[in-house]
Amino acid sequence: MQPYEKLIQFTHTFRKSALYLLAGVFITTFCFYLYSKPLFEILQNKLQQDLVFFTLAGPFLAHLKLSLGLSLFTLVPWFSICLWKSLAVPFSLSKKSIIWFSLFSCLLFYSGALFCFQITLPYGINFLLGFSSEQLQPIISINKFITFVAVFVLAFGVIFELPIFMVFAAKTGIISRHTFAKNRRYAILAISVIAALLTPTPDVVNMMLMGVPLYALYEIGIFILVVLRIK
């Protein structure tokens with residue numbers, strides 16, 4: 001089967017699950033919105049930031065974004081199962097492989113999100129706010145703050161999936177282990193571009209906070225391929 005035929009088959013299979021996923025996102029977003037005020041207070045207390053809003057709809061949109069972010073965060077296991085089931089059709093993955101790929105996808109995603117929320121995000125915020133002074137006081141928009149946190153946490157969860165997709169690519173013959181190992185310089189370039197696109201702010205510090213762990217995961221992926229003896 002040609003690569004484009006596999007892509008078409010995957011798209012057709014995944015499309016069947018997409019509508020149910022969208023319905024799930026809508027329902028869970030609504031449920032989280034009902035409790036968004038206490039959830040927002042927990043987030044604000046955790047990161048210790050005073051926030052303001054500049055439009056009448058600002059608080060509503062911020063709570064809606066928080067609810068959507070929590071919905072996507074919660075539904076990752078369902079999304080993972082749908083994704084790997086869809087990939088199993090064109091790439092002939094066994095049921096055992098689907099289970100393992102789905103399990104480790106969830107573990108890596110939540111590990112990345114937790115790493116970001118507990119370590120990277122507080123450090124990044126404190127570093128950026130460290131440039132304030134008596135003459136330069138920060139006024140942080142509630143909308144931009146929620147966007148910053150949600151995008152950063154979810155993006156970290158996604159990039160932590162890199163090793164599992166490297167294993168998938170090598171296992172299915174898309175990209176060999178030798179190719180991963182040989183093209184580290186191109187990987188660094190690609191990682192820099194990805195970090196620049198995914199970080200909410202275009203400063204070097206936030207790019208490094210995402211880029212350095214991502215390259216470490218790239219090397220971990222190569223190491224896993226060696227251990228599993230996948231060529």
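**Exercise 1. Is F160 buried or exposed, going by its relative accessible area?**

Solution. Keep in mind that this is a predicted model.
- Start with the cut-off: buried means under 20% relative accessible area.
- Now take the value for F160, which is 13%, so F160 is buried.

**Exercise 2. Work out how the rings of F109 and Y110 are arranged, then do the F156 and F160 pair.**

Solution. The structure has 19 aromatic pairs, so let's pick two of them.
- For F109 and Y110, the ring centres sit 5.4 Å apart and the planes meet at 80°. Planes over 60 degrees apart count as edge-to-face, so that's what we call this pair.
- How covered are the two partners? F109 comes out at 5% relative accessibility and counts as buried, while Y110, at 26%, is partly exposed.
- For F156 and F160, the centres are 6.3 Å apart with the planes at 40°.

**Exercise 3. Find which residues are linked into a cluster by ring pairs.**

Solution. 
- Look for W84, F91, F101, F165 and F168: ring pairs tie them into a cluster.
- Keep W84 in mind, as it turns up again in the next exercise.

**Exercise 4. Describe the largest nonpolar core and zoom in on F145.**

Solution. 
- The largest nonpolar core has 52 residues, and the ones touching the most other members are W84, L93, L121, F145 and V149.
- Which helix gives the most to this core? It's helix α6, residues 142-159, with 10 residues.
- Now for F145: setting aside neighbours within four places in sequence, its contacts are L43, L47, Q49, L51, I125 and I140.

**Exercise 5. Step back and sketch the whole chain.**

Solution. 
- Count the elements: you'll get 10 helices and two strands. Along the sequence they run α-α-β-α-α-α-β-α-α-α-α-α.
- Box it in: along the principal axes, the C-alpha atoms fill roughly 60 × 40 × 25 Å.
- Check the contacts with a separation of 6 or more: 83% of them join residues 24 or more positions apart.
- Look at burial and surface: of the 231 residues, 38% are buried. The chain exposes about 14000 Å², with carbon and sulfur atoms supplying 72% of that.
- Finish with charge: there are 17 positive and 7 negative charges, and their mean positions lie 20 Å apart.

Note on methods: Residues are numbered from 1 along each chain as its sequence is written. This is a predicted model: local features need pLDDT of at least 70, side-chain atom pairs count only at pLDDT 80 or more; totals for chains, interfaces and linings use all residues. Side-chain values use heavy atoms; hydrogens and water are left out. Rings of Phe, Tyr and Trp (its six-membered ring) pair if their centres lie within 6.5 Å; planes under 30 degrees apart count as stacked, over 60 as edge-to-face and the rest as tilted. Buried means under 20% relative accessible area, exposed over 50%, partly exposed in between (1.4 Å probe, protein chains only). Helices (H or I, at least four residues) and strands (E, at least two) are DSSP runs, numbered from the N terminus. Contact means heavy atoms within 4.5 Å. Accessible areas come from the Shrake-Rupley method with a 1.4 Å probe; for residues, only the protein chains shown count as cover. Lys and Arg count as positive and Asp and Glu as negative; His and the chain ends are not counted. The place of a charge is taken as NZ of Lys, CZ of Arg, CG of Asp or CD of Glu. A nonpolar core is a set of buried Ala, Val, Leu, Ile, Met, Phe, Trp, Tyr and Cys residues joined through side-chain atoms within 4.5 Å.
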